[in-house]
Amino acid sequence: MATLSSSPLLRFSTKTGCKPSASLQFLSPPSVSNPSLWLRTAQAPSPCSLTLAHRRMTVARRARHGGAYSAECFASNPAQLKSAREDIRELLRTQYCHPILVRLGWHDAGTYDKNIEDWPQRGGANGSLRFDVELKHAANAGLINALKLLQPIKDKYPGVTYADLFQLGSATAIEEAGGPKIPMKYGRVDVSGPELCPEEGKLPDAGPALPAEHLRDVFNRMGFDDKEIVALSGAHTLGRSRPERSGWGKPETKYTKDGPGAPGGQSWTVKWLKFDNSYFKDIKEKLDEDLLVLPTDAVLFEDPSFKVYAEKYAVDQEAFFKDYAEAHAKLSNVGAKFDPPEGFSIDSDAASATPEKFVASDYSSGESRRELSEAMKQKIRAEYEGFGGSPDKPLQSNYFLNIIIIVAVLALLTSLLGN
Ligand code: HEM
């Protein structure tokens, strides 16, 4: 086993239960067979050399704090999060509250403004929606009911933050309704008081004068593009609109008059507790007066750019699920401050919670390591993907092949010189 001083590229991985422990894991150096990487390496400090500097400092800093990540230090306790997920599953089974939990998570995150650097002023998934002042925003009408459903779970698991609980509730609801697995991470820090709630008016209107422009204004501000706007809108495959809350929809329809859950409202789809691509099919066909189509739903099949995705999702549920899962995970992260900074997953083996892989996040260096903004992560992701890699995993390398190539080149040069 190499030591810290002898190993140039180290990755700190953690295994938590609640007991601190750490393991060091080797990362591969950048591929020498990729010419663009050679150039990058020659001209500028490579991602890996920055990573090295950062990792040495991080390791040193952790050493001063007992040598490892500790689950007790995370914003939320991983074991409690897992138990809370079981309780949420039970809640969904008995209350059929999938839609409102999804809307709660979305409205906590959807205040994010990527143009504001500081947390929590930038808004986003920070648990601020638990405070009355924000719950009373017109767009949040009815969400007090979602908070009431989750509050007993919060009380039972005080080691889980509201910000994490809201996003856990939403992702679990999508999955339990038959939707895709959302690649979630946790560790969101809560804002501390109501004075830190965002101002009203950050969430989209359902009936603006120019729906396409409005959707782009609001979602671009959060860092989402056209594809993500259309995919996220597909969440309306679940749930209902109630005139007494949002002013939209019928008081009841043949699909909602008997519940399940509290009866009434108008749904976008016939089976509004099942997550599938029927939202896109139904808007496209517009066959049933009892199904809701908001102006911001209709525009998905009118705007030429949105339409490409809406048409695709209407015929290809797999494509919808893939894009939805990615967009949902991104939405759940916007504006959030994570502790540990890279967040952690609760989907690994039963006993452990592992930090999310974002090797590129180690670009940030220095003793006072700052969390990367979503915008910066996107830039880094685009850079990596530009040369066929991913910030989520170490760059590929094949030492053996590289050695053979070097030996072959040397042999060729020797033979040329000999001649
Ligand atoms: C694109 C812009 C959006 C607009 C204009 C919009 C508007 C609305 C409106 C007016 C309602 C009815 C609320 C009520 O009367 O109770 C609603 C419900 C809902 N929204 Fe959206 N929404 C948008 C995007 C989203 C997104 C991005 C998600 C999730 C990713 C989402 C998830 C939901 C869900 C699940 C419900 C049903 C809630 C329930 O049945 O209690 N919406 N939305």
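**Helices, ligand shell and backbone**

The chain has 15 helices and six strands, and the model is a predicted one.

Me: What percentage of the 419 residues of the chain count as buried?

Reply: A residue is called buried if 20 or more other C-beta atoms lie within 10 Å of its own. Applied to the 419 residues of the chain, this gives a buried share of 40%.

Me: Among contacts between residues at least 6 apart in sequence, what percentage join residues at least 24 apart?

Reply: The count takes contacts in the chain between residues at least 6 apart in sequence. Those that join residues at least 24 apart make up 71%.

Me: Is the crossing of α3 and α7 left-handed or right-handed, and how many charged residues does the contact have?

Reply: The crossing of α3 and α7 is right-handed. Residues making the contact include Arg 85 and Arg 89 of α3, and Asp 164 and Glu 176 of α7. By class, the contact of α3 with α7 has seven nonpolar and two polar residues, and the charged residues number four.

Me: Which element gives the largest share of the shell around the ligand?

Reply: There are 23 residues around the ligand, and Pro 99, Ala 235, Gly 239, Ser 241 and Ser 246 come nearest. Elements that give two or more residues to this shell are α4 (98-109), α9 (226-233) and β3 (240-241). The largest share is five residues, and it comes from α4.

Me: By class, how many residues of the shell around the ligand are nonpolar?

Reply: The shell around the ligand has seven polar and four charged residues. Its nonpolar residues number twelve.

Me: Is Tyr 96 buried, exposed or partly exposed?

Reply: Tyr 96 is found in the loop between α3 and α4. Its phi is near 55 degrees, a positive value in a residue other than glycine. Tyr 96 has 16, so it is partly exposed.

Me: Is Lys 286 buried or exposed?

Reply: Lys 286 is found in the loop between α10 (278-285) and α11 (295-298). It is not a glycine, yet it has a positive phi of about 45 degrees. With 11 other C-beta atoms within 10 Å, Lys 286 is exposed.

Me: What distance separates the C-alpha atoms of Ile 144 and Leu 129?

Reply: Ile 144 is found in helix α6 (residues 144-156). It counts as partly exposed because it has 14 C-beta neighbours inside 10 Å. Ile 144 and Leu 129 are 15 residues apart along the chain, and their C-alpha atoms are separated by 9.2 Å.

Me: Where does Pro 260 lie?

Reply: A cis peptide bond joins Gly 259 and Pro 260, with omega about 5 degrees. Pro 260 lies in the loop between β3 and β4 (266-267).

Me: Which residue does a cis peptide bond join to Asp 339?

Reply: Omega of this cis peptide bond is about 5 degrees.

Note on methods:
Residues numbered from 1 in each chain as written. Predicted model: local features only at pLDDT ≥ 70, side-chain atom pairs only at ≥ 80, totals over all residues. Left-handed = near helix turned anticlockwise from the far one by under 90°. Helix = DSSP H or I, 4+ residues; strand = E, 2+ residues; numbered from the N terminus. Contact = placed C-beta atoms within 7 Å. Nonpolar A, V, L, I, M, F, W, Y, C, P; charged D, E, K, R; others polar. Near = placed C-beta within 6 Å. Buried ≥ 20, exposed ≤ 12 C-beta atoms within 10 Å, placed from the backbone.
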